[in-house]
Amino acid sequence: MKLYSVLEINALLQGCIIGDTSYSVSSPEQIENADNSQITFIGSKKYEKLWAGSKASIAIVNNDISISPGENRAFIKVANADLAMCQILELFAPVYEQSDIDIHPSASVHPTAIIGQGTRIGAGAYIGPKVQLGDHVIIYPNATILDHSTVGTNSTVWSGVVIRENCHIGANTILHPNATIGADGFGFRPCPERGLAKIPQIGNVIIGDWVEIGAGACVDRGKFSSTIVGDGCKIDNLVQIGHNSILGKFCIIAGNSGLAGSVTLGNGVVIGGGASIKDHTTIGDGATIGAGSGVAGDVHAGKTYLGYPAAEARTTLKQWASLKKLAVNS
C-alpha cells in the first residue's frame with residue numbers, strides 16, 4: 001500500500017498548500033468517516049462545518065474556503081475540488097490483475113471476426129461473424145457481441161453485456177454489466193387477426209466515443225435507421241432509451257429514467273432520476289429535467305422543467321407552494 005505526502009499529492013494537483021501535516025495518506029474517504037491516514041474533500045461551503053469533527057489529515061478544498069485546516073492538518077486549495085477529487089480517486093484506484101491470455105480458450109470467436117492488437121476476450125464470451133474489435137478492447141467473461149457489430153479502440157465491455165447485430169460502439173466507451181445494446185424497439189400495432197402485430201425493427205444503434213452505459217441499461221435499435229448516443233454521454237443504471245431516439249453530446253441521464261421512441265436530446269441535456277420523456281419529444285441544448293418529472297412536450301434550450309406533468313421549474317414551484325397553502329388552510 002503506497003502512502004502519499006501532502007507535497008506528493010499537490011505535485012499532482014498543482015494547487016496551493018495551506019497548513020502542514022506530518023501524516024501521509026493511504027486512501028480517500030468521506031469527510032465524516034475519514035481517519036488521519038486518509039484524504040478527504042470539501043467541494044461546497046455547506047460541508048465546511050464537518051471539518052472540525054473530521055479526523056482526516058488532508059482535505060482538497062476550493063479556493064474560496066473560509067476555514068483554516070488546524071494543527072497538524074493541511075488543505076490543498078484548487079479551482080475545482082470535485083475535479084481534483086477525480087484525479088485523487090484515479091491515483092488510489094486499485095489495479096486488478098488482467099488475464100495473461102488474450103483470448104480465453106472457452107471464448108467463442110467466429111473465424112471471420114477481426115480482433116485488434118492488445119484486445120482481450122474473457123471466458124465464455126461470444127464474438128459473432130464479421131464483428132470488428134479495435135485495439136486494446138477488453139471483453140469481460142460472458143459478454144455477447146453479435147454479427148457485424150463493431151467496438152472501438154480502448155473500449156470496455158463488461159460481463160453480461162449483449163450487443164446485438166450491426167450495432168456500433170465508439171472508442172474509449174464503457175458498457176457496464178448487463179447493459180443491452182440493440183434489443184428490438186417496442187413497436188406493435190393492433191391487428192384483427194393477431195391482436196397485436198409486431199413491427200420489425202430493422203435499424204441499429206450507434207454509440208459515440210467516451211460514452212458510459214450503466215448496468216442494466218437498455219438502448220433499443222431503430223425501427224428504420226439508427227438510435228444514436230452522442231460522444232461523451234453518461235447513462236446511469238437501469239435507463240431505457242427507446243428506438244430511434246437521438247442524444248447529442250455530453251448528455252447525462254440518471255437512473256430509472258426512460259426515453260420513449262424518437263426522443264431528441266440536444267447537447268448537454270441533464271435528465272434527473274426517474275424522469276419519463278414522451279415519444280417524439282425534443283429537448284433543447286443545455287436543458288435540465290428534474291428527477292421524477294414527466295415530460296409530454298418539447299423543452300426549449302437552457303430551460304429547467306420539473307413536475308408531473310412537467311412545466312418550467314418556476315411555474316411548478318409556484319403550483320406546489322399554492323397546493324401547500326391550500327392544504328394548510330383546509
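**Group meeting talk: a walk through one predicted chain**

Let me start at one loop. Asparagine 244 sits in the loop between β26 (240-241) and β27 (246-247). Its phi is near 65°, a positive value in a residue other than glycine. Buried or exposed, this asparagine 244? It is buried, with a relative accessible area of 14%.

One caution before we go on. This is a predicted model. Keep that in mind for every number I give.

Asparagine 178 lies in the loop between β17 (174-175) and β18 (180-183). Phi of asparagine 178 is near 70°, again positive in a residue that is not glycine. Asparagine 178 is partly exposed, with a relative accessible area of 49%.

Now step back to the whole chain. It has three helices and 37 strands. The C-alpha trace spans about 80 × 70 × 30 Å along its principal axes. The chain has 330 residues, and buried ones make up 42% of them.

What about contacts along the sequence? Take the contacts between residues at least 6 apart in sequence. Of these, 19% join residues at least 24 apart.

Charges next. The chain carries 23 positive and 27 negative side chains. The centres of the two sets lie 10 Å apart.

On to the aromatic rings. How many aromatic pairs are there? The count comes to four. One of them joins tryptophan 51 and phenylalanine 75. Their ring centres are 5.1 Å apart and their planes meet at 55°, so the pair is tilted. Tryptophan 51 lies in the loop between β3 (38-42) and β4 (58-62), and phenylalanine 75 in strand β5 (residues 74-78). The pair therefore ties together parts that are 24 residues apart in sequence.

The rings of phenylalanine 186 and phenylalanine 188 have centres 5.2 Å apart. Their planes stand at 75°, so this pair is edge-to-face. Phenylalanine 186 counts as exposed, at 70% relative accessibility. Phenylalanine 188 counts as partly exposed, at 33%.

Back to strand β4 for a moment. Asparagine 62 is in that strand. At 16% relative accessibility, asparagine 62 counts as buried. Its contacts, leaving out residues up to four places away in sequence, include Ile42, Gly43, Lys77, Val78 and Asn80.

Now the cysteines. A disulfide is a covalent bond between the sulfur atoms of two cysteines. How many disulfides does this chain have? The count is zero. The closest cysteine sulfur to that of cysteine 251 is in cysteine 233, 4.3 Å away. The cut-off is 2.5 Å, so the two sulfurs are too far apart for a bond. Cysteine 251 is buried, with a relative accessible area of 0%. Cysteine 191 also counts as buried, at 16% relative accessibility.

One last stop, on the backbone. Which way is the peptide bond from tyrosine 308 to proline 309 set, cis or trans? It is cis, with omega near 0°. Proline 309 is in the loop between β36 (304-306) and β37 (311-312).

That is the tour.

Key:
Residues numbered from 1 in each chain as written. Heavy atoms only, no water. Buried < 20%, exposed > 50% of the residue type's maximum accessible area, 1.4 Å probe, protein only. Helix = DSSP H or I, 4+ residues; strand = E, 2+ residues; numbered from the N terminus. Contact = heavy atoms within 4.5 Å. Lys, Arg positive; Asp, Glu negative; His and termini not counted. Charge placed at Lys NZ, Arg CZ, Asp CG, Glu CD. Phe/Tyr/Trp six-rings, centres within 6.5 Å; stacked < 30°, edge-to-face > 60°.
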